[in-house]
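Okay, thanks for fitting me in. Let me put the sequence and the model up, and then I'll walk through a few spots.

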Amino acid sequence: MKGEILIIGAGFAAYQLVRSLRKLDAEQPIRLVTRDSGDEYNKPELSHVFSQGRSAAALTRLSAAQFAEQHHVALQPATQVEAIEPQARRIHTASGSHDYAQLVLATGASAIVPPIPGRELLLTLNSQREYAAAEPQLRDARRVLVLGAGLIGTELAMDLLASGREVVLVDQAASVLAALMPAALSARLQARLVADGAELCLGTSVERLERVTGGLRATLGGGRQLDCDAAIAAIGLRPNTALAHQAGLAVGRGIRVDRHLQTSAAQIFALGDCAELDGRVLPFLQPTLLAAGALARTLLGQPQALTLPPMLTRVKTPRLPMQLAGDTSGAELAWQIGSDAQGMQAQAFDAEGRLRGFVVSEGRLQNAFALLRQLSA
């Protein structure tokens, strides 16, 4: 009998790996162990739950039981993995231990919550479970503070505005999407947010959050105070590496892996938001899809190294959609920017005149794939 592939986690990465394995082998024993419900949902839909009026429960596509039955896997929900023994090839949980032939860590990442007084009052929306916990407070909230004007923060801000709520967007950076592109490129989106009613508090931070009569009060740098009904932390994600660290695996920003997604321990692999490849973590869907396909072959004895081509990143802000690819934040880049009523197209070139990255918006989105082919070439 084949040895069991054991996967810790049941998010997008884990479930894509199961699908990839089942396309190649219908009989391979697979076990998933997760501390969550194990229900399958589409995580990007969390960026649009407010404008669509969707509950946390409505996000479920397949229950854990349905997924397990369809894909012939042993699935253990609500089970916390307490330790890994790499030498013995065994994991330990509160309900018992399991041996494995190969282990895949798909432990994901957690929303970063800043260490400020009142941090326990900050909501996070990084999973269906977190949204379910926050849903009662957010349902009745009319004025929401969003901490973080990066990719997730701007998407949430626009969706909250579309649902009729007031939004205060706070970030230490001087512009929105500052980690992804220069201010000149994000200016259109920033103007759109303001036109839609967002109050932008940029170049500052939340220093304190406290409960007051009728809601919450945030104190910003400089002493300004803002009242709101709810506050959401959207400043970024931190890979969940504690379990790997305890097992003695090499850990940096994430769990370090090679091109075959193998960690520093034999027969232990990492996939998705928790993995670090060549010093980078890749918390996006397309690289996870490619990695799941490659890892499935490796696990089944057909080693396939992961190769990542230039890939599009979509900014899911429907009132002003944007896409970008390549290097869009390097200080040495020379930008050519074209902007009109149809949208924006910006191309980044290096000192040799080679295209290194681009950003397109609105009616210029149709040019993204042609530009992507130039990057690939």
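As for handedness, H1 passes H7 in a right-handed crossing, meaning the near helix is turned clockwise from the far one by less than a right angle.

Quick housekeeping: this is a predicted model, where local features need pLDDT of at least 70 and side-chain atom pairs count only at pLDDT 80 or more, while totals for chains, interfaces and linings use all residues. Numbering starts from 1 along each chain as its sequence is written, and side-chain values use heavy atoms, with hydrogens and water left out. Helices (H or I, at least four residues) and strands (E, at least two) are DSSP runs, numbered from the N terminus.

Back to the two helices. On the H1 side we have Phe12, Ala13, Gln16, Leu17, Ser20, Leu21 and Leu24, and these meet a set in H7 including Leu285, Leu289, Ala292, Gly293 and Arg297; contact here means heavy atoms within 4.5 Å. The contact of H1 with H7 divides into 11 nonpolar, 4 polar and 1 charged residues. For that count, Ala, Val, Leu, Ile, Met, Phe, Trp, Tyr, Cys and Pro are nonpolar, Asp, Glu, Lys and Arg are charged, and the others, Gly among them, are polar.

**Strand E1**

Next, which residues of strand E1 (residues 5-8) are buried on each side? Ile5 and Ile7 are on one side, Leu6 and Ile8 on the other, and all are buried, so both faces are covered. Buried is under 20% relative accessible area, exposed is over 50%, and partly exposed is in between, with a 1.4 Å probe and protein chains only. In general, side chains in a regular strand alternate between the two faces of the sheet.

E1 runs parallel to strand E9 (residues 102-105), with 4 bridges joining them, and Ile8 has Leu105 as its bridge partner there. Strand E2 (residues 30-33) is also parallel to E1, again with 4 bridges, and its Arg31 stands opposite Leu6. Pairing needs at least two DSSP bridges between two strands.

**Some loop residues**

Leu46 sits in the loop between strand E3 (40-41) and strand E4 (60-62). Its 4% relative accessibility makes Leu46 buried. Leaving out residues up to four places away in sequence, Leu46 touches Tyr41, Leu59, Leu125, Asn126, Ser127, Gln128, Tyr131 and Leu156. Leu156 is 110 residues from Leu46 along the chain, yet their C-alpha atoms are separated by 8.4 Å.

And then phi. Most residues other than glycine have a negative phi. Leu177, though, has a positive one, near 55 degrees. Leu177 lies in the loop between strand E12 (166-171) and helix H5 (183-195), and is buried at 0% relative accessible area. Leu261 also has a positive phi, near 65 degrees. Leu261 is in the loop between strand E19 (255-257) and strand E20 (268-270), buried at 4%.

That's my tour, happy to go back to any of it.
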